[in-house]
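Thanks for coming. I will go through one structure this morning, starting with its surface and then moving to particular residues.

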Amino acid sequence: LADQFCNAIGVLQQCGPPASFSNIQTAINKDQPANPTEEYAQLFAALIARTAKDIDVLIDSLPSEESTAALQVEISFPLRILTFLNLCLIKAASLYKLEEENHEAATCLEDVVYRGDMLLEKIQSALADIAQSQLKTRSGTHSQSLPDS
């Protein structure tokens with residue numbers, strides 16, 4: 001609106017005929033052709049009126065002071081609920097991702113434990129074979145070292 005007022009005044013200054021002071025007429029005033037100031041005046045009047053009407057519509061759409069607090073509560077509560085639900089969805093997605101990662105880690109751990117059990121059985125079997133061999137070796141040396149009677 002201020003921009004339109006400024007433009008209107010600028011056009012009026014540019015196109016408007018000079019005013020006469022105290023009935024003093026100069027040669028410049030007489031030689032100056034008529035300008036289409038009427039068209040500019042109508043154009044800017046229409047623009048200013050339309051902008052003023054738009055401002056009135058915007059002002060009328062604003063809530064009154066009495067309903068502002070209640071309206072803020074009415075708007076604030078659902079907004080808070082939506083924010084809370086959005087956070088819940090984000091947390092649920094994070095938990096779902098963590099559960100998937102946990103499941104993958106559990107599967108990997110089960111595989112490692114299974115391979116560890118297999119390795120432990122091989123080690124225990126090898127230790128049993130070593131113990132058996134040592135017993136055979138000791139029992140063979142004891143029977144040889146004992147004198148025959």
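The accessible surface of the protein chain comes to about 13,300 Å², and 62% of that belongs to carbon and sulfur atoms. Accessible areas here come from the Shrake-Rupley method with a 1.4 Å probe, and for residues only the protein chains shown count as cover.

Before going on, the sources. This is a predicted model, where local features need pLDDT of at least 70 and side-chain atom pairs count only at pLDDT 80 or more, while totals for chains, interfaces and linings use all residues. Residues are numbered from 1 along each chain as its sequence is written, and side-chain values use heavy atoms, with hydrogens and water left out.

How much of the chain is buried? Of its 149 residues, 5% count as buried. Buried means under 20% relative accessible area, exposed means over 50%, and partly exposed is in between, with a 1.4 Å probe and protein chains only.

Now the secondary structure. The chain has four helices and zero strands, in the order α-α-α-α. Helices (H or I, at least four residues) and strands (E, at least two) are DSSP runs, numbered from the N terminus.

Which residues make up the largest nonpolar core? They are A8, V11, C15, F44 and I48, five in all. A nonpolar core is a set of buried Ala, Val, Leu, Ile, Met, Phe, Trp, Tyr and Cys residues joined through side-chain atoms within 4.5 Å. Helices α1 and α3 (37–61) each supply at least two residues of this core, and the largest share, three residues, comes from α1.

T51 is in helix α3. T51 counts as buried because its relative accessible area is 16%. With the sequence neighbours up to four places away again left out, T51 touches L1 and Q4.

That brings us to L1, in the segment before α1 (2–15). L1 is at 36% relative accessibility, so it counts as partly exposed. L1, F5, I55, I59 and L62 form a nonpolar patch on the surface, with about 450 Å² of accessible area together.

Last, the cysteines. How many disulfides are there? With a disulfide taken as a pair of cysteine sulfur atoms within 2.5 Å, the count is zero. C88 is partly exposed at 33% relative accessible area, and C108 is partly exposed at 48%.

Terms used
Patch = residues over 30% accessible without salt bridge, like charges linked within 9 Å, V, L, I, M, F, W, Y side chains within 5 Å. Salt bridge = Lys/Arg side-chain N within 4 Å of Asp/Glu carboxyl O. Contact = heavy atoms within 4.5 Å.
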